[in-house]
Amino acid sequence: MEVLRPQLVRIGGRIYRKNPVQEQTYQHEEEDEDFYQGFVECAEEPCDAYEVVQTQQGFRCTVKAPSLLYKHIVGKRGDTRKKLEVETKTSISIPKPGQEGEIVITGQHRSGVISARTRIDVLLLTFRRKQPFTHFLAFFLNEAEVQERFLKFQEEVLEKCSMDHGVDSTIFQNPKKLHLTIGMLVLLSEQEIQQTCEMLQRCKEEFIDDISGGKPLEVEMAGIEYMNDDPGMVDVLYAKVHMKDGSNRLQELVDRVLERFQASGLIVKEWNSVKLHATVMNTLFRKDPNAEGRYNLYTADGKYIFKERESFDGRNILKLFENFYFGTLKLNSVHISQRFTIDSFGNYASCGQIDFS
């Protein structure tokens, strides 16, 4: 990162510049804890963005955060918290590890409390983005007809294309887990799961009911496409999903849900639109049947994972099965699904859902 072009972090509608972080490692300690160097804030402090209460001793502000992130505010040997307190002339109280609660900031000066709150928000956002995704918003596409057609697709591909480089039975999706992802989520507490359920319910009331007409959306799953640019070196092959009546209602619905969740901060903004697809082949499955595409990037402690993959030659598959028909579905629910879980039907376990009818 260039000094003159620092990383920008958006919090509460305002943009802050983040200084480079000096990384120090200590023997026998984890290397992912960054030593806090301080943040360059906007010239104008967001004095109206936070609720700061005046007390007899000065000023007080609280921060809600999942306990998993407390350690990043404390830092190695408490260095991060100490430096924050010194630079902002505040006192910062953090619940003990494993205990849910609020981070409490107190100080003699309102500006110092606000500055500490802003810097803590930046730290929380930075380390939240390093957490692996835990949940995702999705439609399930595992109706019986589609599962049968998918198994037929797999059988015919293996019969006709098994001699092509990298093509074997291990890279096919589990038919019980066929789904259409709207967006990926990092939910680190029961409160955040509940917040997501409430946000999804508001989406239903404010625009989903109008788009769906209170009825299931009838869609077709037909045709295949690949993610990258070289059909001879494919890592992900997916089936296309579209409205049976030719309308744009499904795309409009998922895009508006994505936009709403991005605005709330529950989903980090990466894309402006949802790519409607259902993964049917993925080379990550070759070594790990539970792998989940590009989303396996970080471990629970925020360390980056590099997964070596062996691509497959998809040219014959694309030629022979370009218009393969997987079936018709009636999409009636959006689920908050938990990664690496299985329900009684073999699908991802759902932590909450909304229904159209």
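Trainee: Where does Ser 189 lie?
Mentor: Helices (H or I, at least four residues) and strands (E, at least two) are DSSP runs, numbered from the N terminus. Strand S8 covers 179-185 and helix H5 covers 190-212. Ser 189 lies between these two elements, in the S8-H5 loop.

Trainee: What kind of model is this?
Mentor: Residues are numbered from 1 along each chain as its sequence is written, and side-chain values use heavy atoms, with hydrogens and water left out. Local features need pLDDT of at least 70, side-chain atom pairs count only at pLDDT 80 or more, and totals for chains, interfaces and linings use all residues; the model is predicted.

Trainee: Is Ser 189 buried or exposed?
Mentor: Buried means under 20% relative accessible area, exposed over 50%, and partly exposed in between (1.4 Å probe, protein chains only). Ser 189 has a relative accessible area of 12%. Therefore Ser 189 counts as buried.

Trainee: Which residues does Ser 189 touch?
Mentor: A contact means heavy atoms within 4.5 Å. Residues up to four places away in sequence are not counted. With those set aside, Ser 189 touches Pro 66 and Glu 100.

Trainee: What is the relative accessible area of Ser 212, and is this residue buried or exposed?
Mentor: Ser 212 is found in helix H5. Leaving out residues up to four places away in sequence, Ser 212 touches Leu 217, Arg 249 and Phe 356. Its relative accessible area is 3%, so Ser 212 is buried.

Trainee: At which residue does H5 bend?
Mentor: The bend at a residue is the angle between axes fitted to the seven residues ending there and the seven starting there. In H5 this angle is about 50°. The residue is Glu 205.

Trainee: At what angle do H5 and H6 pack?
Mentor: Axes are lines fitted to C-alpha atoms, for helices over the stretch in contact, and angles run from 0 to 180 degrees between N-to-C directions. Helix H6 spans residues 249-264, and its axis is 10 Å from that of H5. The packing angle is about 150°.

Trainee: How many charged residues does the contact of H5 with H6 have?
Mentor: On H5 the contact includes Met 199, Cys 203 and Glu 206, and on H6 it includes Arg 249, Glu 252 and Phe 261. Ala, Val, Leu, Ile, Met, Phe, Trp, Tyr, Cys and Pro count as nonpolar, Asp, Glu, Lys and Arg as charged, and the others, Gly among them, as polar. The contact has 9 nonpolar and 3 polar residues, and its charged residues number 5.

Trainee: Which strands stand at the edges of the open sheet of 4 strands?
Mentor: Two strands pair if DSSP finds at least two bridges between them. The order in this sheet is S8-S7-S13-S14, with antiparallel pairing. An edge strand has a single partner strand, so one side is left without a neighbour in the sheet; the edge strands are S8 and S14.

Trainee: In S14, what is the bridge partner of His 335?
Mentor: Strand S13 (residues 333-338) is joined to S14 by 5 bridges, and the two run antiparallel. The bridge partner of His 335 in S14 is Gln 353.

Trainee: How many residues of strand S11 are buried?
Mentor: Strand S11 (residues 277-282) has 6 residues and is largely enclosed by the rest of the structure. S11 pairs with strand S10 (residues 236-243) in the antiparallel sense over 5 bridges. The buried residues of S11 number 6 of 6.
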